[in-house]
Amino acid sequence: MRFLFLSFEGSIIIFIFLYNLFCYGGKFMLYIGFQAEIEVRSRFQVSSSPYLVVSQKSNPWHTTNSKPEKHLLPPECLTIQTTMSMVDEPLYPIAVLIDELKNDDIQLRLNSIRKLSTIARALGEERTRKELIPFLSENNDDDDEVLLAMAEELGVFIPYVGGLEYAHVLLPPLETLCTVEETCVRDKAVESLCRIGSQMRESDLVDWFIPLVKRLASGEWFTARVSACGLFHIAYPSASEMLKAELRSIYSQLCQDDMPMVRRSASTNLGKFAATVEPSHLKTDVMQIFEDLTQDDQDSVRLLAVEGCAALGKLLEPQDCVAHILPVIVNFSQDKSWRVRYMVANQLYELCEAVGPEPTKTDLVPAYVRLLRDNEAEVRIAAAGKVTKFSRILSPELAIQHILPCVKELSSDSSQHVRSALASVIMGMAPVLGKDATIEQLLPIFLSLLKDEFPDVRLNIISKLDQVNQVIGIDLLSQSLLPAIVELAEDRHWRVRLAIIEYIPLLASQLGVGFFDDKLGALCMQWLQDKVYSIREAASNNLKRLAEEFGPEWAMQHIVPQVLEMVNNPHYLYRMTILSAIALLAPVMGSEITCSKLLPVVVTLAKDRVANIRFNVAKVLQSFIPIVDQSMVEKSVRPCLVELSEDPDVDVRYFSKEALQAIDQVMMST
């Protein structure tokens, strides 16, 4: 019997021979479930999974100091390239990827899961169906990140299993993922099932998808039932009449489930399911389900039913909507839970569209007023954010009579977040109310919000000034709002000053050149010497935008002289800001002004004692190359850069040499 066993060295030689024959014989196949018959157990460890390849402890083709690796083939065969036109990238070593599906390192498992399509292309459609998918179905990985990646990959796996004809083979692993505890994994699995189900043939949906939905809906653990609720809208349209009745009954049972999580999922997906149900059953079965959800003892279920109001309202006839949906909305607006009232405040505009204009005026306006005056700040925030949208569906008279008094109260609300939400939308009420009502009623509210102690409130008002200008005109706007704007321009919060700067070009275009020169021109120069870098940077960009708005001639009179006066500021940071402003202004001012006014100042700064200034001079001169004439480049720009290229500072030399190379490239191209 001894002679029947090979020595260790002989085993290795035979193993190498077989592998080389295997590679170079033109019969490359990927052996999943490989079992080594040669006695090399001191050198190899066979994976316990029937779907995994051999895992190599120590590579016999490497020296004893080699790092342990996993290979299916010798090193010369590891780079697997496909010649098929469908594959546009080099395939990974497939054996390594498959073996990593069971690796202890989560990153390796993730890498392999994210390359499932690569593995499937190498295996082919048949082996993917028969070997890879069963392996994934039995995969009991306990890491949520790996399971999430698997659920996402399987959603786009139909081409790799043979097309729509075999799409059903993807359902088992996703069904398993629908039962895990982690919510994001279940949601992704349901999303992938919906994507696959929407592509499946009708017969396959009946044979495979609907039974899956029924199994999940009757699962012992609540996670399966939660997932099932998101699949009914895919399964229902393809079912027979008998199956449809059964599915409606199952959904009704889920809406009455003992677990609140299941009822929440059923409430969330009711709108999608209702959109697939026939109108005759919509008024009976679905509306009964909806009424049960609206009376649930859990506020988390009721607040999700608020979204169902808008979805169902779009499916019902107007009279049915008023009969069934409107009473629910009114009751919800007075619900004992502030979270439900918050959802109503958020959804009320969409609900108004569902019930129509007349019921809105008679029933929903009082409900909205109650929400604007709610005890909870969160509800008032949501209601205040919809004040302009709600006013648009009302007549100006109704808005002035019912909504405007609430707006006045909210403008002095104790919560700064309520005032901020109101400030972000209140300017949109001006076109709705008209000029007279805006001047008399809204303008005082604008002014009070502009002086609010909370910066976000002031910013929200400033950002929407153009909407008011269209209604009341620039004269009145400048008289009433400009003093507040000037005050904000010197606000102690730099973000407020930054917001003002960003809106200066808009104000300038609205106010006109004359008014801008008198009131706002000095502020623009003052910001160039702000203590905050972001303000100085924004001020430089602001000057460029103003020059574009009013033209080079205006800029030459009102901007350039004042900018050039600041070039001798004792603080080098301010001198750098001036350099930045000059670089931005040059393309707008044109070649003549740049050569005569801006370039000499930049050349002078090349002798600045601060190295940061000097290398910024090199960068500015490089930006001047396409602007100024070639003769001026040779006369002034190049000599200055040559001098800087010999500067003691390494950064100055670097940027000056870059600029010189740019000049040479321009010369060669011309």
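Let's start with the largest nonpolar core, which has 212 residues. By nonpolar core I mean a set of buried Ala, Val, Leu, Ile, Met, Phe, Trp, Tyr and Cys residues joined through side-chain atoms within 4.5 Å. Buried, in turn, means under 20% relative accessible area, with exposed over 50% and partly exposed in between, using a 1.4 Å probe and protein chains only. The residues with the most contacts inside this core are F209, F232, L348, I426, W527 and F624. Its largest share, nine residues, comes from helix 19, residues 338–355.

A quick word on where this comes from: this is a predicted model, local features need pLDDT of at least 70, side-chain atom pairs count only at pLDDT 80 or more, and totals for chains, interfaces and linings use all residues. Residues are numbered from 1 along each chain as its sequence is written, and side-chain values use heavy atoms, with hydrogens and water left out.

Now the overall picture. The chain has 40 helices and two strands; these are DSSP runs numbered from the N terminus, H or I of at least four residues for helices and E of at least two for strands. Of its 670 residues, 53% count as buried. Contact here means heavy atoms within 4.5 Å. Among contacts with a separation of 6 or more, 65% are between residues 24 or more positions apart.

Next, please look at helix 6, residues 144–154, and its two partners. With helix 3, residues 106–114, helix 6 packs at an angle of about 5°, and the axes are 9 Å apart. Axes are lines fitted to C-alpha atoms, for helices over the stretch in contact, and angles run from 0 to 180 degrees between N-to-C directions. Helix 3 and helix 6 are therefore roughly parallel, the term for angles under 35 degrees. Helix 3 brings I106, R109, L110, I113 and R114 to the contact, and helix 6 brings E145, V146, A149, M150 and E153. Those residues divide into six nonpolar, no polar and four charged. For these classes, Ala, Val, Leu, Ile, Met, Phe, Trp, Tyr, Cys and Pro count as nonpolar, Asp, Glu, Lys and Arg as charged, and the others, Gly among them, as polar.

On to helix 36, residues 572–589. Its buried residues include Y574, R575, I582 and A586. Among the elements covering them are helix 37 (591–605) and helix 38 (611–624). F624, which we met in the core, is in contact with I582, A586, T594, L598, L599 and V602, leaving aside neighbours within four places in sequence. After helix 36 comes G590, with a positive phi near 95°.

Beyond its neighbours within four places, I210 is in contact with L205, A235, A239, L243 and L247. V603, in helix 37, is partly exposed at 26%. V603 and S636 are 33 residues apart in sequence, yet 7.8 Å apart in space, C-alpha to C-alpha.

How values were computed:
Parallel < 35°, antiparallel > 145°, perpendicular 65-115°, else oblique. Expected span 1.5 Å × (residues − 1).
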